[in-house]
Amino acid sequence: MNVDVSFLDSKNWIESDMRERSQWLREHDPVHWSEKDDLWIISRYEDVASISKNQDLFTSAHGVRAGNGAKLGLIDEGEPRHGVLRGLINRGFSPRMVGKLEKDFREITTHAIDTIAKDGECDFVSSIAVPLPLRLIAALMGIPQADYEQLREWSDDMIGAEGHMDDMEIVAKGGAAYVAYGRYVTTIIEDRRKNPQDDLISILAGAKDEGLLKTFDETESLGEVTPADHLSEGNLDLHNDELIKLLVTLMIAGNETTRNGISGGMQLLIENPESRQQLIDDPSLIGGAVEEMVRLSSPVQSFSRTVVEDTELRGQKLEAGQRVFMLYPSANRDENEFEDAEVFKVERNPHHMGFGLGSHFCMGANLARMEMRVTFEEVLRRLPDMEYSAGGPVITPSSLVRTVSEMRVKYTPEA
Ligand code: HEM
């Protein structure tokens, strides 16, 4: 098996190759020095978990996207600032707000299924997986429905730039989307300052006015390479505004991940008809099945950390300043951690690395779980015999998010 490839380059994330490569690494070289990327590749569950739980030794504060020096905010923040930001955003994730969002989300799901139920076939990705989380995250932030389609385009372009730093056209598109989205949310922020609502942008705009969110120094925030490299001077203020960065992080974190969790989950149900029948017979299993879907589909492919002081891991000497690159899908299929690791078992209800671990554990995990549970409750109830109509899912290689770009399906049309 050729493991001597760049793991940072999205082109190398052809799924079957990467699975084989990861399996080889777990078995033969779990802490692997990648010459091409100049960092350590970590493939075993136990190691990914212990690194994630130890910010003192493996910090997020120098960035979590190796190969992309742009500071994102929150996810790549050190303590104590990280805790302050989490506290702020948590105000928007109160149980009351999440309860209200479940009601909204079931309506959004019902509407999306109504649109395709009579047709007997559709592209599951564009009809179900893409619109649902996008609408929810937009509703959470307080973005008007009329702008959802535009939001999807910006989100796709920003995430599309990841792992393609050698392709200036793609990078420029990502940068332009960042600027356009930043300008757009600035208008919403201005509005919420005058007319606060029950949404996250109002909460964060209030926090900024209280002085809790800052404006970076431009040189500090620009890092080495940034998707917004071509930013003209007039746009630097967008790039340096912590509030806008948080809104970018949240949109991408809440949208691209969950959408691919939903597509990946549907893929597992279609490819495991007996398990699907189990869920149809006993819908109370869906919560646990969602965990198993996140484990096996692992929507986030990788994040990195920086070594704080010299240390050793499985006999390898890790030096201060070096990067470690954690392979989440590999950790989630580690045969040392999970029995029959490759098998989808709806009753397994596993612990897993799909949402990370430790102080940077996914803030939206409960929201994502709710979204996936509601989606599958409704799809299994109304379109229980969904199957592929054309060859299975199309997956666009990405080092960041497992991206299902198309999945044509058919089913008995609703009367
Ligand atoms: C299936 C869906 C999702 C998956 C697989 C996922 C995965 C992850 C992972 C692996 C991390 C850990 C990052 C690290 O340790 O460096 C993370 C962090 C985060 N996620 Fe999610 N996520 C999902 C959905 C969401 C949603 C719906 C939201 C928001 C509405 C969200 C917001 C965040 C935020 C803000 C962080 C950063 C937390 C911090 O650094 O303290 N995620 N997510």
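Pro80 lies in the loop between strand E3 (58-59) and helix H3 (81-90), and in this predicted model the peptide bond that joins Glu79 and Pro80 is cis, with omega at about 5°.

Other backbone features concern phi. Arg314, which is not a glycine, has a positive phi of about 45°, and its place is the loop between strand E6 (311-313) and strand E7 (316-318). Asn349 likewise takes a positive phi, near 45°, in a residue other than glycine, and is found in the loop between helix H15 (328-332) and H16. Are these two residues buried or exposed? Arg314 has 11 other C-beta atoms within 10 Å and is therefore exposed, the limit for that class being 12 or fewer. Asn349 has 14 other C-beta atoms within 10 Å and is therefore partly exposed.

Helix H6 (residues 131-141) is mostly covered, with 10 of its 11 residues buried. The buried residues are Pro131, Leu132, Pro133, Leu134, Arg135, Leu136, Ile137, Ala138, Leu140 and Met141. The elements that cover them include H4, helix H5 (124-129), helix H7 (148-160), helix H9 (200-209), H12 and H16. Just after H6, Gly142 takes a positive phi of about 100°.

Two helix pairs can be set side by side, one of them H6 with H12 and the other H4 (residues 95-117) with H16 (residues 365-382).

| Helix pair | Axes come within | Crossing angle | Handedness |
|---|---|---|---|
| H6 and H12 | 8 Å | roughly 150° | right-handed |
| H4 and H16 | 10 Å | roughly 35° | right-handed |

How do the directions of H6 and H12 relate to each other? Their axes cross at roughly 150°, and angles over 145 degrees count as roughly antiparallel, so H6 and H12 are roughly antiparallel to each other. On the H6 side the contact is formed by Leu132, Pro133, Leu134, Ile137 and Met141, which meet Leu247, Leu250, Met251, Gly254, Asn255, Thr258, Arg259 and Ile262 in H12. By class, this contact of H6 with H12 has nine nonpolar, three polar and one charged residues. Leu132, Pro133, Leu134, Ile137 and Met141, which H6 gives to this contact, are also among the buried residues of H6.

In the other pair, H4 passes H16 in a right-handed crossing. H4 contributes Val98, Leu101, Glu102, Phe105, Arg106, Thr109, Thr110, Ile113 and Ala117, while H16 contributes Asn366, Leu367, Met370, Glu371, Val374, Thr375, Glu378, Val379 and Arg382. The residues of the contact of H4 with H16 divide into nine nonpolar, four polar and five charged.

The ligand is surrounded by 27 residues, and the closest are Gly254, Gly261, Gly356, Cys362 and Gly364. Which of the elements provides the largest share of the shell? That share, seven residues, comes from H12. By class, the shell around the ligand holds 15 nonpolar, 11 polar and one charged residues. Gly254 links two parts of this account, as one of the residues closest to the ligand and as one of the H12 residues that meet H6.

Definitions and conventions:
Residues are numbered from 1 along each chain as its sequence is written. This is a predicted model: local features need pLDDT of at least 70, side-chain atom pairs count only at pLDDT 80 or more; totals for chains, interfaces and linings use all residues. Axes are lines fitted to C-alpha atoms, for helices over the stretch in contact, and angles run from 0 to 180 degrees between N-to-C directions. Helices (H or I, at least four residues) and strands (E, at least two) are DSSP runs, numbered from the N terminus. A crossing is left-handed if the near helix is turned anticlockwise from the far one by less than a right angle, and right-handed if clockwise. Two residues are in contact if their C-beta atoms, placed from the backbone, lie within 7 Å. Ala, Val, Leu, Ile, Met, Phe, Trp, Tyr, Cys and Pro count as nonpolar, Asp, Glu, Lys and Arg as charged, and the others, Gly among them, as polar. A residue is near a molecule or strand if its C-beta atom, placed from the backbone, lies within 6 Å of it. Angles under 35 degrees count as roughly parallel, over 145 as roughly antiparallel, 65 to 115 as roughly perpendicular and the rest as oblique. A residue is buried if 20 or more other C-beta atoms lie within 10 Å of its own, exposed if 12 or fewer, and partly exposed in between; C-beta atoms are placed from the backbone.
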